[in-house]
Structure formats: structure tokens, C-alpha cells
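The following note collects comments on the structure shown below.

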Amino acid sequence: REWRVVILLSAFIAVNLLGFYLWREPAGGKQRFGQGLLLLGALMLGGNMALMGQMFHVRGELFQLFIAWAVGVLLMAYSLRLTSLGILAQILMGLGYWQAYTSGLWSSDRVDIDPNWTYFLFQHMSIVAICLFLPLAYWCRSQAIFTLAGIAFLSSFQSSLQPVEMWGEWSINTINFVFSCCVPPLLLWGYGNLSQWWQGNRRDKTGAFPQISRRLGVLSLGSTCFTLSFLAFWGMFISRNRTNLPQTSAIWDGAIVAVVTIGIWLYLIWQSRTNSRRYPWDWTTTAIGSVSCAMAITIVTQLNTIEQYIYAPMVFLLLLFGVAIGSIRSGLANSDRGAFWFGLGLLTSRIIIWFLMTQNDLITKSLLFIICGIGVIAVGLWFERYVRRLSETKGN
């Protein structure tokens with residue numbers, strides 16, 4: 001067993017040393033080959049951890065291996081400032097989190113889990129994703145790492161605050177559900193505005209981070225309105241037990257993120273009132289705040305009348321149309337293809353799903369797909385022509 005350990009460690013060290021030596025060469029084939037060897041060394045790290053755990057009979061869950069592996073790769077990414085290693089660390093951390101979440105570990109009362117540091121990271125993954133990956137995105141100046149960090153925060157924050165069963169009226173789960181729906185878009189949009197003010201018009205890769213953050217905020221807002229606009233979503237709540245609660249760690253994480261979000265928005269309002277030229281306040285910021293507040297009010301009032309659950313889907317359907325139209329308007333005003341197609345996709349998909357749920361005739365469904373397809377193609381061609389004409393006008 002000792003010789004196997006020596007062979008594994010020697011191979012791991014040799015691959016990383018050779019990769020580091022070639023990576024320091026000037027840009028070219030040797031440097032790319034060195035990056036490949038460093039990536040191979042990061043993959044070997046997980047294999048060595050798994051094999052040594054088997055040789056020394058170390059018990060543990062699969063998610064603990066993934067999280068420990070991700071932390072090791074993350075340290076390599078910070079020390080070498082490599083984007084590829086950072087992305088690999090994010091993928092491994094995500095695999096560990098979702099493997100534990102889908103196995104029912106979050107809501108279970110299992111006593112055979114070793115409550116070590118990996119379990120702590122799993123419980124507080126929403127805050128861990130921000131603290132570990134956000135500085136790495138700025139350190140590596142990587143838009144991919146920043147985007148994946150935002151997605152990791154969104155998915156882990158909303159999933160951790162969602163109990164397996166339904167909550168009661170005005171319980172702690174009601175507040176958590178409001179937090180999971182309304183806080184992420186407010187935080188991401190507010191952070192985008194705040195970082196845009198602080199960074200100014202930087203032309204490096206970090207200059208795109210505010211726009212990515214705001215887009216993730218709109219994506220979270222649109223997807224939440226899309227999900228809650230279905231009557232079947234609220235209908236599922238009637239037959240569920242209302243006694244299950246999320247873990248205390250999720251409650252504290254939701255409270256911390258909510259306090260940070262409120263602080264950011266209060267700072268934005270204060271700065272825009274004291275110095276409106278340097279810190280401008282646009283209509284989209286007002287719209288995001290208004291829609292999020294309307295979502296919170298609708299959820300709270302709907303839970304008090306849960307037996308008549310037709311009120312909330314209608315409100316969220318109107319909010320969905322508002323988000324879609326606002327995205328289309330922003331795309332037309334700024335020649336932003338992403339905002340335009342996101343709004344058009346929300347609007348079209350919701351209409352198609354509504355027709356599919358209400359119509360049983362196959363001919364009607366076929367005609368619907370044909371009409372929507374032709375309409376989307378026509379609007380897309382018009383938009384591309386509009387963007388091209390607008391760019392030529394600005395060039396002249």
C-alpha cells in the first residue's frame with residue numbers, strides 16, 4: 001500500500017511540475033501543452049483522493065469527495081491564475097452539491113453523515129459560491145467564471161430555501177419562499193449597477209461583469225414569473241403537508257443575502273439622489289424593483305387565500321408579459337440581441353404552452369407552431385435589419 005501511495009503522489013507531482021514548467025514558456029504550443037498538463041494534474045487529484053480513500057478505508061459520501069476535490073482545484077486556480085482550472089472547480093463543486101441535494105440529504109435527518117467542513121460548504125453553498133468564485137473571476141478576469149458563479153448562486157440559493165413540502169400561512173417558509181423568488185434578481189441587478197458605477201467605463205474583460213450580472217438578474221426574474229404563472233404550480237400546494245421546514249442554515253443564508261441586498265439598494269438610492277450625474281438611475285432599475293416588490297406582495301397575499309389559488313397566476317402572468325415587453329424594448333433601444341430574444345422567447349413560449357394546455361386538436365396545435373415559427377422568423381429578420389441600419393447610422 002505504501003508503494004502505491006508513492007507511485008500515485010509521484011505521478012501527480014511529476015505531471016504538475018512538467019505542466020508548470022511548460023506553462024511558463026511564452027505563448028505558443030508549449031504553453032498550451034503545459035495548461036493541458038495542469039488540467040490533467042487537477043483531474044489526477046480527484047483520482048488520487050478516491051484511491052487513497054479506498055486504500056486507507058476512509059468512509060465518506062460522494063458529494064464530500066467532489067467538494068474536497070473542487071477546493072483543491074480551486075487553490076490551484078488561485079495560485080496559477082488559470083481560467084480552465086477555475087471552471088473545473090466550479091463544475092466539481094456543482095456536481096457535489098447537486099449529488100447531495102438530489103439524494104435527499106438537504107431535507108433528511110440522517111445521522112451517519114460526518115458533519116465536517118465539506119458538509120458545511122454544502123449547507124451554505126449560496127454564500128460559498130460568491131465568496132470563493134467571485135474573487136477568482138476578477139483575479140482571472142474571466143467572464144465564464146463570473147457567469148458560472150452567478151448561476152451557482154442562483155441555483156443553490158433558490159433550491160436551499162425550497163422545502164420539500166408546502167408551508168403554512170405566514171410561517172418561516174413563507175418568508176423563505178419570498179426571499180428565494182425576489183432577492184436574487186434584486187441582488188444581481190443591484191450589484192451590476194453598483195459595480196458599473198465603481199468600475200466606470202473599463203475596457204478590460206471585467207468591464208462586462210456588470211452587464212452579465214444584470215442579465216442574470218433579468219433571467220432570474222423572468223424564469224420566476226414564468227414558473228409562477230402556471231395554475232398547476234399553485235394547485236400542487238393544496239394537497240401537500242404544511243409542516244416541513246428547511247434547515248436553519250438555509251434560513252440564516254436567506255437572511256444574510258436579504259440584508260446585503262437591502263443595503264445595496266439603499267446605497268444605490270442614496271447615491272442617485274445625492275449625485276445623479278455620476279450615479280444615474282434609469283427606468284429599468286425602477287422596473288426591476290417594482291416587479292420584485294409586486295411578486296413579494298402577491299406571494300404573501302396568495303398564501304393567506306391558498307384555497308383560491310387563481311389570483312396569483314393571473315398576476316404573475318401580467319408580470320411575465322411586463323418583463324418580456326421590457327426586455328424587448330430594452331433590446332430595441334440598445335441594439336441588444338440578448339435582451340430582445342429573451343423577451344421574445346418568454347412571450348412566445350408562454351403563449352405556446354397556454355395553447356397546448358387548452359387545445360386538444362392536433363391540427364390547431366400544428367397551425368399554432370407554424371404561425372409562431374413564421375412570426376418569430378419575421379420579427380427576427382426585422383430586428384437584424386433594424387440593428388444593422390442603426391449601426392450604420394451611428395457609424396456615419
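Leaving aside its neighbours within four places in sequence, with which residues is Gln271 in contact?

1. The model is a predicted one. In it, Gln271 is in contact with Trp197, Ser276 and Tyr279 once neighbours within four places in sequence are left aside. Gln271 lies in helix α11, which spans residues 248–274. With a relative accessible area of 10%, Gln271 is buried, because the cut-off for that class is under 20%.

2. Helices α4 (residues 83–102) and α6 (residues 125–140) pack with their axes 10 Å apart and at an angle of about 170 degrees. Helix α4 is therefore roughly antiparallel to α6. On the α4 side the contact is formed by Thr83, Gly86, Ala89, Gln90, Met93 and Tyr97, which meet Met125, Leu132, Phe133, Leu136 and Cys140 of α6. By class, the residues of this contact comprise 8 nonpolar, 3 polar and no charged.

3. The largest nonpolar core holds 40 residues, and those touching the most other members are Ile67, Val73, Leu85, Leu92, Phe122 and Phe133. At least two residues of this core come from each of α2 (29–55), α3 (62–80), α4, α5 (117–123), α6, α7 (143–160) and α9 (209–228). Helix α3 provides the largest share, 10 residues.

4. Leu92 deserves a separate remark. Not counting residues up to four places away in sequence, Leu92 touches Phe66, Trp69, Ala70 and Val73.

5. There is also a second, separate core, made up of 29 residues. Among them are Leu221, Phe226, Phe233 and Ala296.

Key
Residues are numbered from 1 along each chain as its sequence is written. This is a predicted model: local features need pLDDT of at least 70, side-chain atom pairs count only at pLDDT 80 or more; totals for chains, interfaces and linings use all residues. Side-chain values use heavy atoms; hydrogens and water are left out. Axes are lines fitted to C-alpha atoms, for helices over the stretch in contact, and angles run from 0 to 180 degrees between N-to-C directions. Helices (H or I, at least four residues) and strands (E, at least two) are DSSP runs, numbered from the N terminus. Angles under 35 degrees count as roughly parallel, over 145 as roughly antiparallel, 65 to 115 as roughly perpendicular and the rest as oblique. Contact means heavy atoms within 4.5 Å. Ala, Val, Leu, Ile, Met, Phe, Trp, Tyr, Cys and Pro count as nonpolar, Asp, Glu, Lys and Arg as charged, and the others, Gly among them, as polar. Buried means under 20% relative accessible area, exposed over 50%, partly exposed in between (1.4 Å probe, protein chains only). A nonpolar core is a set of buried Ala, Val, Leu, Ile, Met, Phe, Trp, Tyr and Cys residues joined through side-chain atoms within 4.5 Å.
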